Amino acid sequence: MADITRRLGWRHLRSTPTAHIRHHRGGTLVHDGPGLAFWFRPLTAALSEVPVEDRELAMTFRARTADFQDVSVQATVTYRVGDPALAATRLDFSIDPDTGVWRGAPLEQLGTLLTETAQQHALHVLARTPLAEALADGVAAVRERIAAGLDTEPRLPATGIEVVAVRVMAVRPEAEVERALRTPARELIQQEADRATYERRAVAVERERAIAENELASQIELARREERLVEQRGANARREAQENAAADQVRAQAEAARTVRLAEAEAAKSVALAEAEARAAREVGEARAEAQAAWLRVHGEVDVATLHALTGSRLAENLPHIDSVTLSPDVLTGLLSRLGAGDRG
């Protein structure tokens, strides 16, 4: 919208670079171009403002496919006014000289023209296309048909309109039909998900089985090694027992041999000692026998009186030593009685 200010009965218009201004005064074109700024009198001026920038026109309309299914089409048409002078003569782009506001609704007229033209071509192509094909390839087909139809539409060049681009965002069926169409796909997706889940579980079970087998194999190998270890320990223990028994046998044999040698030595010593004692005893006996024989020979040659004397002296030598003798009255009386009796006899 143009910016208009007031100054003492005059008006000053300042437009943007994307707005084409046409100023007529008395039927004569005074100013013509985009981005203008000028003074004018409102009573003699006829002004029009034509936007020349690219504009987006979003449209949504309903159509019916070849199999009588309703669909909705969402599209966007990008256009611009290529010939502002021509557009200003075909549409009402005039503005109020006091406010700068359009007196009519030219953009709405352009939107209606573009929407009806695009809808006509979209309906034509969708009416010949089944629903499944329209949902699969309908976006491209509808976009191409709309673009081609707008390019060949004679009203647009006659109005100074240029179509820059056509975009079709979606071709969608009714909600119930869409849900019905989604069901097989959802079932297929669910089946694929279930299959992936089952495969994942199968892989997990297979891995668990492999892990269990590995653990079992490890346990078997460990048990086998433990068995070999026990056998080796038993063999070592038996070998050690055999070595200890052999050592004990050697020690016993050595001890027995030493004991035998000691016994033989003791026996030889005892025999030698017995022989020595026997010889000594024999020699002592022989000496005693010779002494006895000599004593008997001497006593045989001595007379009886001498023998008696020797006997008495030998007896006196063997009597114990007597320091004092105590005679009791009874003994003394007996002795005296014996002495008296002897005298009488």
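A: Start with one cut-off: a residue is buried under 20% relative accessible area, exposed over 50%, and partly exposed in between. By that scale, R258 is partly exposed, because its relative accessibility is 38%. The model is predicted.

R258 has a charged partner. Its side chain meets that of E255 in a salt bridge, at 2.3 Å from N to O. Both residues belong to helix 5, which spans residues 175-301. They sit three residues apart, about one turn of the helix. E255 also counts as partly exposed, because its relative accessibility is 38%.

This pair is one of 19 salt bridges that a search of the whole structure finds. Some residues join into a network: E221, R224, R225 and R228 are linked by salt bridges.

An unreviewed UniProt entry annotates residues 188-215 as a "coiled-coil region". In the model, that stretch is 100% helix and 0% strand. Its end C-alpha atoms lie 39 Å apart.

R80 and E162 form a salt bridge, with 3.4 Å between N and O. R80 is in strand 8 and E162 is in strand 9 (residues 161-173), so the pair ties together parts 82 residues apart in sequence. R80 is partly exposed, with a relative accessible area of 30%. E162 falls in that class too, at 36%.

D70 and R64 make another salt bridge, and their closest N and O atoms are 3.1 Å apart. D70 is partly exposed at 26% relative accessibility. R64 is partly exposed at 47%.

Strand 7 (55-64) and strand 8 (70-81) have a loop between them, and F68 is in that loop. F68 has a positive phi, near 60 degrees, though it is not glycine. Most residues other than glycine have a negative phi. F68 is exposed, because its relative accessible area is 63%.

L8 lies in the loop between strand 1 and strand 2. With a relative accessible area of 89%, L8 is exposed.

Three strands make it up, open and antiparallel, in the order 1-2-5. Strand 1 (3-7) and strand 5 (37-40) are the edges; each has a single partner strand, so one side of each lacks a neighbour in the sheet. From one strand to the next, the twist averages 20 degrees. Five bridges pair strand 1 with strand 2 (residues 10-14). R7 has W10 in strand 2 as its bridge partner.

R22 in the chain stands opposite D32 in strand 4. Strand 3 (residues 19-25) and strand 4 (residues 28-34) run antiparallel, joined by six bridges. Their hairpin has two residues between the strands, and G26 there takes a positive phi near 65 degrees.

The whole structure has two aromatic pairs by search. F93 and W102 form an edge-to-face pair, 6.3 Å from centre to centre with 70 degrees between the planes. F93 is buried, because its relative accessibility is 1%. W102 is partly exposed at 29%.

Notes: Residues are numbered from 1 along each chain as its sequence is written. This is a predicted model: local features need pLDDT of at least 70, side-chain atom pairs count only at pLDDT 80 or more; totals for chains, interfaces and linings use all residues. Side-chain values use heavy atoms; hydrogens and water are left out. Rings of Phe, Tyr and Trp (its six-membered ring) pair if their centres lie within 6.5 Å; planes under 30 degrees apart count as stacked, over 60 as edge-to-face and the rest as tilted. Buried means under 20% relative accessible area, exposed over 50%, partly exposed in between (1.4 Å probe, protein chains only). Two strands pair if DSSP finds at least two bridges between them. Helices (H or I, at least four residues) and strands (E, at least two) are DSSP runs, numbered from the N terminus. Axes are lines fitted to C-alpha atoms, for helices over the stretch in contact, and angles run from 0 to 180 degrees between N-to-C directions. UniProt positions are given in the numbering used here, feature names are shortened, and annotations may be inferred rather than shown by experiment. A salt bridge is a side-chain nitrogen of Lys or Arg within 4 Å of a carboxyl oxygen of Asp or Glu.
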